[in-house]
Every structure is written in C-alpha cells, then in structure tokens.
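This report goes through a few parts of one structure for a reader who has not seen it before. The sequence and the structure come next, and the text follows them.

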Amino acid sequence: MRMILVGPPGAGKGTQAARLIERLQIPHISSGDMLRAAVKAGSELGKQADGYMKAGQLVPDDLVIAMIIERIGQEDCARGFMLDGFPRTRPQAEALDKDLDAAGASLDTVLLIEVPDELIVERITGRRMDPETGDIYHVQFKPPPAEIAARVTQRKDDTEEAVKARLEKYHSETAPIVPFYEERGILRRADGVGRPEEVTERIAAALGDLL
Ligand code: AP5
C-alpha cells in the first residue's frame, strides 16, 4: 500500500497515522518529523530548514523532495509507505509521481482529513509531544498521563502566529494538490471533526477495500 495523508495543520494526520500503521504495517514517513530530527541533529538540512519551520513557512521544495525520495527508496518501503506532510506543493506532487513512475510503482490512495480552520488554532496551541516516544497529546483533548507530564514539550511552530502562517500556506500551496489526485480517482475523504476514535472509524470506512 502506497498512500499519502493530506490535511491542514492539526487535522490529526500524526494522530491517525499512528493508529493506521498498526493495521497496515508500513513505514510512517512524516516530512515534519524528519525535518525536526534534522534540526535537532544540527545537520546542514536542519540548519537550512529551521528558520522556515519556526515561521510556519514551507521548507524549499528541492530540499524536501531530495529528503523524501531518498527515504522512500530505502528497503523498508519496498512493500509500501504512508507519507504524512508530503507532497505539500504541486512541484512536490510531480516529483513524487516521476520517482514512482521510474520505479514502475504507483500510489494507491490519497486520504484527505478535513477540519475547518476555526478548530485548528485550539488543537495546535494545546498540542504537546513526548520527546521520548513521539506520542502526541493535547492539554484538553488528550492530556498526557501524570508520569510523563513533566517531560512533554511544545513544538516551536505551535504558536498562534505560526499556525496562522501554516494555515495560509496550506490553503495557497497544499489544498490545490487535492484536485490533482481527485481527477485521477484516488482521493478519499474523511471528516476529521469529532473524537479521535470516531475519526479513525470514518477513515477505516473511507479506506474500506484497501485495508
Ligand atoms: P508538519 O510536522 O507536517 O506539520 P503539519 O502538517 O502542520 O501538521 P501537524 O503535525 O501540525 O498536525 P497533524 O495533522 O499531524 O495533527 P496531530 O495529529 O499532531 O510540518 C511542520 C513544518 O515542517 C511545516 O510548517 C514546514 O515548515 C515543514 N514541512 C514539513 N513537510 C514539508 C513539505 N513537504 N514541504 C515543505 N515544508 C515542509 O494533532 C494536532 C493536535 O490535535 C494534537 O494535540 C492532537 O492530540 C489533537 N487532536 C488530533 N485529533 C483530534 C481530534 N479528533 N479531536 C481533538 N483533538 C485532536
């Protein structure tokens, strides 16, 4: 199964991916997680990406495309993968197509998780991450358990100001790739509003025959 998760910041892509991969047993490849790891490691890519990410801007296409194409060429992706956060622009979608074509492979599905803008700021500013496990929490909707509460952290780009910039980028750069996949008949949609368990059920229904 080769699939892509698309949705605005805070739609629940990371939350739902963690549940889906248990079922699908394919690598979860989050471009945001990879870039944050590069920033933390202080690599050349991380140094170039850091400023864009903090400001809620997109990292330049050439950097992200090279990072993802290299990753999906690794052996653990031979039986499939779940891309989360990539592609995010038309040039990224085209580069992915070109790479898959060259490998004689194709995408099975693109899942769009839909959440209106008015719910996003609350989700993002309340998000907390466990740096040891990568688990995602929310101060109100999914509070971290007491034993890890002291170690959870907040992402640098989870401020109200940065999330507004991220939403603008989502609408101007990423939403336009949705019709690109819809025209090919591989787009599936799931309503991302409601409890995470409800969203998981809707996703399972939307993916139906593919699971
Ligand atoms: P990235 O890490 O991809 O961030 P994002 O797309 O903005 O998505 P998020 O991780 O913020 O949200 P999510 O949908 O995964 O939501 P989550 O499940 O955590 O990218 C970060 C940055 O990296 C970009 O801004 C850019 O700079 C750069 N970048 C990455 N990829 C790039 C690319 N391809 N090209 C260029 N630049 C790139 O949930 C959010 C919160 O809501 C959590 O607290 C969660 O607990 C809560 N929640 C989840 N579901 C529910 C629910 N149903 N009800 C209530 N709360 C919920």
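P176 counts as partly exposed because its relative accessibility is 41%, and partly exposed covers values between under 20% for buried and over 50% for exposed. The model is a predicted one. In the chain, P176 sits in the loop that lies between α7 (160-174) and α8 (177-182). Leaving aside residues up to four places away in sequence, P176 touches Y170 and H171. A105 is 71 residues from P176 along the chain, and the C-alpha atoms of these two residues are 24 Å apart.

Strand β3 covers residues 81-84. F81 and L83 point one way from this strand, while M82 and D84 point the other way. All four of these residues, F81, M82, L83 and D84, are buried. Strand β1 (residues 2-6) pairs with β3 in the parallel sense, over four bridges.

**The ligand and its surroundings**

Which residues come nearest to the ligand? Of the 36 residues around the ligand, these are T15, S31, Q57, R127 and R166. By class, the shell around the ligand holds 15 nonpolar, 12 polar and nine charged residues.

Several elements contribute to this shell. α1 (13-24), α2 (31-41), α6 (117-125), β6 (136-138) and α9 (196-207) each supply at least two residues. Among the contributors, α2 gives the most, with four residues.

| Residue | Protein atom | Ligand atom | Distance |
|---|---|---|---|
| R36 | N or O atom in the side chain | oxygen | 3.0 Å |
| V59 | polar backbone atom | nitrogen | 3.0 Å |
| G85 | polar backbone atom | nitrogen | 2.9 Å |

How much of the ligand does the protein bury? Taken alone, the ligand exposes 1000 Å², and the protein buries 96% of that.

Notes. Residues numbered from 1 in each chain as written. Predicted model: local features only at pLDDT ≥ 70, side-chain atom pairs only at ≥ 80, totals over all residues. Heavy atoms only, no water. Near = heavy atom within 4 Å. Polar contact = N/O pair within 3.5 Å; in protein donor to acceptor, adjacent residues only side chain to side chain. Areas by Shrake-Rupley, 256 points an atom, 1.4 Å probe, with all protein chains shown as cover. Nonpolar A, V, L, I, M, F, W, Y, C, P; charged D, E, K, R; others polar. Buried < 20%, exposed > 50% of the residue type's maximum accessible area, 1.4 Å probe, protein only. Contact = heavy atoms within 4.5 Å. Pairing = 2+ DSSP bridges.
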